[in-house]
Amino acid sequence: MRIFLGVLAVLLNLADNATTFLCLRAPVPGFEVTEANPAAAWLFAAIGLEEGLVLEMVISALAIAFLVAGCFFMENLDG
């Protein structure tokens, strides 16, 4: 179940990054589209949209993998 939830979290993060890219890559006529998360907005301004999304995806995937794998390590420690 943990692996399924981990994969689901990565897929949802990927979908979030895809929609963020589609909305922020170019101006949308008649709309002012900005990133609502100030940390993400700073990251995108500092290193670029594509690079920021890739970096965020890698960090998120590693954190999710750590949480999923950490549960397996804890099970083995119980003896």
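Trainee: What joins the side chains of Asn-13 and Ser-60?

Mentor: A polar contact of 3.2 Å. That term means a pair of N or O atoms within 3.5 Å; within protein, one must be able to donate a hydrogen and the other to accept it, and residues adjacent in sequence count only if both atoms are side-chain atoms. This is a predicted model: local features need pLDDT of at least 70, side-chain atom pairs count only at pLDDT 80 or more, and totals for chains, interfaces and linings use all residues. Residues are numbered from 1 along each chain as its sequence is written, and side-chain values use heavy atoms, with hydrogens and water left out.

Trainee: Which residues does Asn-13 touch, not counting those up to four places away in sequence?

Mentor: Glu-56, Met-57 and Ser-60. Contact means heavy atoms within 4.5 Å.

Trainee: Is Asn-13 buried or exposed?

Mentor: Asn-13 counts as buried because its relative accessibility is 11%. Buried is under 20% relative accessible area, exposed over 50%, partly exposed in between (1.4 Å probe, protein chains only).

Trainee: And Leu-12, buried or exposed?

Mentor: Exposed, at a relative accessible area of 54%. Leu-12 is found in helix H1, residues 2–24.

Trainee: New topic. How many helices and strands are in the protein chain?

Mentor: Three helices and zero strands. Those are DSSP runs, numbered from the N terminus: helices are H or I, at least four residues, and strands are E, at least two.

Trainee: What share of the 79 residues is buried?

Mentor: 19%.
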